[in-house]
Amino acid sequence: MSQPELNKKAPNFDLPATGEQNLSLKDFKDKNLVIYFYPKDNTPGCTTEGQNFRDLYKEFQSHDTEIVGVSRDSVRVHENFRKKHDFPFDLLSDKEEEMCNAYDVIKLKKMYGKEYMGIERSTFLIDKQGKLRQEWRKVKVKGHVDEVLEAVKSL
């Protein structure tokens with residue numbers, strides 16, 4: 001699978017999301033978009049990352065930027081996760097890994113000595129023209145959202 005390229009059109013998507021809707025890249029026309037991929041709802045790192053985006057959401061909005069989170073969890077699980085942590089942004093369900101594959105975030109991972117294919121925590125910044133401007137792979141949660149916000153401010 002090829003990786004998306006910086007300063008080129010971002011891969012499109014059309015997935016079921018929270019709020020009983022489907023979202024695609026064109027729904028964010030004329031806005032910057034932060035897409036963050038995370039392994040699983042209700043796990044410590046993923047919860048913290050979502051809370052960090054939530055806490056700075058108004059600041060992202062002030063820079064014409066929307067945020068969406070993506071994992072393989074179902075919309076129903078996403079709805080509960082979103083409500084529990086008061087996330088003001090939508091979560092997309094990529095059960096078939098279509099978007100994950102388009103953004104090349106499915107990687108071989110190890111846990112407790114077992115290998116499996118899973119989502120590598122990654123974030124992508126897409127500008128108002130739909131071009132991929134920056135990407136972060138193998139994300140460490142601490143300080144990450146601040147770094148993404150700084151990149152948004154420089155667009």
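**From a paired strand to a charged patch**

Val 68 sits across from Asp 90 of strand E5. Keep in mind that this is a predicted model. Strand E4, residues 65-71, and E5 run parallel, and 4 bridges join them.

Now look along E5 itself, residues 90-93. In general, side chains in a regular strand alternate between the two faces of the sheet. Here Asp 90 and Leu 92 point one way, while Leu 91 and Ser 93 point the other way. Whichever way they point, all four are buried.

Step back from E5 and you land in the loop that links it to helix H3 (75-85), where Asp 86 is found. Asp 86 has a phi near 55°, a positive value in a residue that isn't glycine. That's worth a glance, because most residues other than glycine have a negative phi. Asp 86 is exposed, since its relative accessible area is 59% and the cut-off for exposed is over 50%.

Tyr 112 does something along these lines too: its phi is positive, about 55°, and it is not a glycine either. You'll find Tyr 112 in the loop between strand E6 (106-111) and strand E7 (114-119). With a relative accessible area of 79%, Tyr 112 is exposed.

One more loop to visit, the one between strand E8 (122-126) and strand E9 (132-136), which holds Lys 131. At 38% relative accessibility, Lys 131 counts as partly exposed. On the surface, Lys 131 gathers with Lys 8, Lys 9 and Lys 29 in a patch of positive charge.

How values were computed: Residues numbered from 1 in each chain as written. Predicted model: local features only at pLDDT ≥ 70, side-chain atom pairs only at ≥ 80, totals over all residues. Heavy atoms only, no water. Patch = residues over 30% accessible without salt bridge, like charges linked within 9 Å, V, L, I, M, F, W, Y side chains within 5 Å. Areas by Shrake-Rupley, 256 points an atom, 1.4 Å probe, with all protein chains shown as cover. Salt bridge = Lys/Arg side-chain N within 4 Å of Asp/Glu carboxyl O. Lys, Arg positive; Asp, Glu negative; His and termini not counted. Charge placed at Lys NZ, Arg CZ, Asp CG, Glu CD. Helix = DSSP H or I, 4+ residues; strand = E, 2+ residues; numbered from the N terminus. Buried < 20%, exposed > 50% of the residue type's maximum accessible area, 1.4 Å probe, protein only. Pairing = 2+ DSSP bridges.
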